[in-house]
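Subject: Structure for your review

Dear colleague,

Please find below the structure that I am handing over to you.

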Amino acid sequence: MIVQVLVEKTISLDDLAARAAATFANQFGRPARFVTAAPGRVNLIGEHTDYNGGFVLPMAIDRYTVVAADLAAKGKVARILSCTVDEQVEIPLRKGKADALPVWTSYIRGVLDAYDGEGIRPVPFDGVIDSTVPLGGGLSSSAALEVAMATLIEAMSGSQVTPVRKALLCQQAEHEGAGVPCGIMDQFSSVLCQAGHLMLLDCRNQQTKMVPLADPNYTVLIINSNVKHELTGGEYAERRQQCEAAAAALGVESLRDATTQTLEQHQSRMESILYRRARHVIGEIHRTTCAAEAIGTARWEEVGRLMFASHASLRDDYEVSCAELDILVDLAERLGSERGVIGSRMTGGGFGGCTVSLVQTSAAQEMAEAICGAYQKETGIEATAFSTPPAHGAKILLPQATARN
Ligand code: GLA
């Protein structure tokens, strides 16, 4: 088991669930009969490859979004209090957009609609949402909310879809409810990840392979730059279009089907920007499978090299990093293996958010402090760091499963 080195303090899942249940009882005057939880995720490597049919290598983090709820006797709404934004809303259960409601409700609306389309009709309920996933930090707070809500709908209705279908319905919720054209990594991670493992996901055929990450000498350290540049939505969609254009220029269905050789042959006939976008994706898909293999055989130095190479490619070819993320990765690289750093890179969509580093457990605390201290000196911004073991995907905490046999 990877030791947990905490720089930023948070509460455990049990405490978070108890807090949400207590808030529910307080707010709605009866106990919560259902409590569900879904984790955020961090991607070790394989960035901006999911919507190109490539590979990703994420793990669930020990940070969760929890929903405590109960069915309502009557009414045509879901009454939901979000403790994260301290706001209570009534979401109409009939299908369609409710424009007057705050943006965070669109994820919930999206999930209700997606399950409705699946024949699992929404019923009136009251709920409280609480979370330890940092918002807007690139750790999939929105997927955690969607998946926690999907898990609640399944718990309340007693009807389940397969885990893959559940992840796809949550992705649909993000596309249609929130209007973000994301790939499948975040929702798959929040549903399917297993404790103690990274998940190598082939985004083309949606097959998963669990890669154990359980050596107590190594720890995953997440450092939040605490910056979020406002460009993300449009830039993300633009990258997707550029990848499609690059695939068309190369005569393949998706960049997963392209090789470095094909790319080099076409370079002179391609717009330079499309060439660079494709070079990132093709290289990153290869790096991801290599990293999964290297982790499987404990070739840590190689994993580290691949992570740094991934960051350089995201910064230079894919152009989704930002000054603050570059500083964090640079600081980690300068500390180097002598100070316990194996590898480091930006993680998630980019333009702010977090870096993920693989570090030696014995050095993690000191390293996090050194990096955060130097980062603050250079940028004036306070970064927050925490380590996390690979956690488990979404679960129903209440009602408790009855023991079999
Ligand atoms: C966001 C999206 C994911 C993925 C990453 C980049 O997190 O939601 O689908 O594309 O960006 O790897």
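Which side chain meets that of Asp257 in a salt bridge? The partner is Arg204, with 2.4 Å from N to O. Please bear in mind throughout that this is a predicted model.

The two domains

The domain assignment divides the chain into domain 1, made of residues 11–212 and 391–402, and domain 2, made of residues 218–388. Taken over C-alpha atoms, the centres of domain 1 and domain 2 are 26 Å apart. Contact between them involves 35 residues of domain 1 and 40 residues of domain 2. About 3000 Å² of area is buried between the two domains, and carbon and sulfur atoms give 66% of this area. On the side of domain 1, the residues that lose the most area to domain 2 are Leu44, Ile45 and His48, which together account for 22% of what that side buries.

Polar and charged groups also take part. Three salt bridges are found across the interface of domain 1 and domain 2, and 21 residue pairs are in polar contact between the two domains. Several strands give two or more residues to the side of domain 1 that touches domain 2: β1 (34–43), β2 (55–56), β3 (58–71), β7 (197–202) and β8 (207–212). Of these, β3 gives the most, with four residues. By residue type, this side of domain 1 divides into 17 nonpolar, eleven polar and seven charged residues.

Salt bridges

The count of salt bridges comes to 23. Is Asp126 buried or exposed? Asp126 is buried, because its relative accessible area is 2%, and a residue counts as buried under 20%. Arg30, in contrast, counts as partly exposed, at 24% relative accessibility.

Asp126 also forms a salt bridge with Arg79, again with 3.0 Å from N to O. Arg79 is partly exposed, with a relative accessible area of 30%.

A further salt bridge joins Glu366 and Arg339, whose closest N and O atoms are 3.9 Å apart. Glu366 counts as exposed, at 54% relative accessibility, whereas Arg339 is partly exposed, at 41%. Returning to Asp126, salt bridges that share partners join this residue with Arg30, Arg33, Asp70 and Arg79 into one network.

Backbone details

A cis peptide bond joins Leu398 and Pro399, with omega of about 0°. Pro399 is placed in the segment after β13 (395–398).

Which value does phi take at Asn226? Phi of Asn226 is near 55°, a positive value in a residue other than glycine. Asn226 is found in strand β9 (residues 218–228) and is partly exposed, with a relative accessible area of 40%. Ala298 likewise has a positive phi near 55°. Ala298 lies in the loop between α8 (272–296) and α9 (300–316) and is partly exposed, at 46% relative accessible area.

Where is Ser321 found? Ser321 is in the loop between α9 and α10 (323–335). At 14% relative accessibility, Ser321 counts as buried. The side chains of Ser321 and Asp326 are joined by a polar contact of 2.6 Å. Leaving aside neighbours within four places in sequence, Ser321 is in contact with His311, Leu314, Arg315, Asp326, Met346 and Phe351.

With kind regards

Technical notes
Residues are numbered from 1 along each chain as its sequence is written. This is a predicted model: local features need pLDDT of at least 70, side-chain atom pairs count only at pLDDT 80 or more; totals for chains, interfaces and linings use all residues. Side-chain values use heavy atoms; hydrogens and water are left out. Domain bounds come from an automatic or database domain assignment. Contact means heavy atoms within 4.5 Å. Buried area is the accessible area (1.4 Å probe) that two parts lose on being put together, summed over both. A salt bridge is a side-chain nitrogen of Lys or Arg within 4 Å of a carboxyl oxygen of Asp or Glu. A polar contact is a pair of N or O atoms within 3.5 Å; within protein, one must be able to donate a hydrogen and the other to accept it, and residues adjacent in sequence count only if both atoms are side-chain atoms. Ala, Val, Leu, Ile, Met, Phe, Trp, Tyr, Cys and Pro count as nonpolar, Asp, Glu, Lys and Arg as charged, and the others, Gly among them, as polar. Buried means under 20% relative accessible area, exposed over 50%, partly exposed in between (1.4 Å probe, protein chains only).
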